[in-house]
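Please open the model in your viewer and keep the selection panel handy. We will hop from one stop to the next, selecting as we go.

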Amino acid sequence: MASGVIFHPCFLLSYYLIGILVTAHNVPQAQLTPHNGQHLMKVSIGTPPVDIYGTIDTASNLVWTPCVPCNDNCFKQIHPLFDPKKSSTYSEISCHSEKCHQVWDEGRCSPQNSCIYGSGYSSGLSQGVLGKEKATITSTSGQPVSFDIAFGCGHNNTIHSDVQATIGLGSGPLSLVSQIGSKRFSYCLLPYGTEYTDPSITSKISFGNGSEVVGDGVVSTPFVAGDQYIVTLEGISVGDTYVSFNSSGKVSRGNMCIDSGSPTLALPPDFYDRLEVEVKKQIPIDPIKDDPNLGTRLCYRTEITNENGPILTVHFEGADVELKPIQTFNQPLKEYEYYCFGITNTANTELAYVGDLYQGIYGNYVQANFLIGFDLETRMVSFKPTDCTKL
């Protein structure tokens with residue numbers, strides 16, 4: 001772990017608007033586009049505005065994007081890099097400012113006394129300068145809304161992804177949610193593989209009044225103190241068979257991080273092993289064995305659907321969330337005709353270190369086809385079954 005870098009734990013201030021009042025009839029809202037297991041949100045920054053596309057990440061608390069100049073290790077991006085020198089509204093934030101102290105307990109200074117930031121992920125690092133800029137997103141009225149935000153301008157990035165920008169949606173002071181003054185937000189994620197079957201389909205993310213998740217079928221669970229959305233998972237039922245989180249039946253409160261920036265639902269090894277045994281029992285076909293392309297993954301040559309696959313019910317504290325096979329099985333590589341269990345064991349991922357913080361990650365595969373709302377005042381996460389392709 002690099003010294004002086006804030007690591008992504010899962011893997012601000014008052015705002016003002018420019019020229020338009022946000023009401024329940026004018027909710028800040030943006031499209032979400034699936035891309036390689038992530039969901040991208042468009043934000044325009046700068047004057048003149050430049051569109052950036054960032055991964056929405058409920059386990060991060062900073063908005064950052066690759067900037068010009070980018071170091072030699074910078075992975076080639078599919079979108080243009082932001083050039084701060086070409087924006088008339090960009091300014092660097094001092095390392096002695098309050099905002100810099102919201103990144104670090106003590107400000108970290110560049111030779112020019114600008115605030116240095118660092119964000120670490122399982123796939124690499126982003127380092128650069130904290131800047132202030134005008135950011136604009138669309139809204140339900142069709143009129144854009146603009147905010148002044150602090151964001152990371154990344155000049156030293158080692159993340160191996162063709163879309164590196166990140167839209168931090170945690171509850172910390174530098175997340176997008178906090179900086180635009182929103183006390184709640186909601187999103188609806190498309191099922192894995194939608195981008196291959198119909199690339200024209202997008203979904204939505206909404207902020208503030210009007211983004212509440214209400215109505216028939218809504219269930220809610222509390223998240224514990226902190227600047228991520230850490231909830232309590234008690235167990236998972238496979239059909240009618242209940243599998244407890246711990247063999248002892250005792251559950252530690254705050255054991256799962258809801259993370260829109262990580263694809264899979266990752267569980268502790270013991271829990272995963274017991275869950276997989278039960279899933280195999282309830283699928284009436286034989287899994288693939290001894291395929292070097294698959295390793296230890298649970299996969300089948302037949303597509304797993306509602307007809308031949310079990311319903312999994314995730315039992316959060318106070319909320320039961322029902323997952324269908326479209327959310328728990330996917331086709332990881334389109335050129336191969338096999339379908340694999342989308343839930344995994346933390347020991348088999350780059351997320352094995354999370355046990356020091358919590359015990360698992362509730363990733364975006366299993367969040368698909370739910371309208372999911374986060375309320376920072378009541379500290380509740382709500383789930384409503386929804387066909388996100390229809391929004």
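Select C188 and L371: C188 stands opposite L371, which belongs to β26. This is a predicted model, in which local features need pLDDT of at least 70 and side-chain atom pairs count only at pLDDT 80 or more, while totals for chains, interfaces and linings use all residues. Numbering starts from 1 along each chain as its sequence is written, and side-chain values use heavy atoms, with hydrogens and water left out.

Now widen the selection to strands β11 (residues 184–188) and β26 (residues 370–375). Strands here are DSSP runs of E with at least two residues, helices are runs of H or I with at least four, and both are numbered from the N terminus. The two strands run antiparallel and are joined by 5 bridges; strands count as paired if DSSP finds at least two bridges between them.

Are the faces of β11 covered or open? Both are covered: R184, S186 and C188 on one side, and F185 and Y187 on the other, are all buried. Buried means under 20% relative accessible area, exposed over 50%, and partly exposed in between (1.4 Å probe, protein chains only).

Stay with C188 and show C388 as well: a disulfide joins them, with S to S at 1.9 Å. C188 lies in strand β11 and C388 in the segment after β27 (380–385), so this pair ties together parts 200 residues apart in sequence. The angle about the S-S bond is -80 degrees, making the link left-handed. Both C188 and C388 are buried. Counting as a disulfide any pair of cysteine sulfur atoms within 2.5 Å, the model has 5 disulfides.

Next, select C95 and C109, another disulfide, with S to S at 2.0 Å. C95 sits in the loop between β6 and α1 (98–103) and C109 in the loop between α1 and β7 (116–121), so the link ties parts 14 residues apart in sequence. At 85 degrees about the S-S bond, the link of C95 and C109 is right-handed. C95 is buried at 2% relative accessible area, whereas C109 is partly exposed at 37%.

For the last stop, show the open sheet of 3 strands in the order β19-β23-β22, with antiparallel pairing. β19 (299–300) and β22 (329–330) stand at the edges with a single partner strand each, so one side of each has no neighbour in the sheet. Finish on C299, whose bridge partner in β23 is C340.
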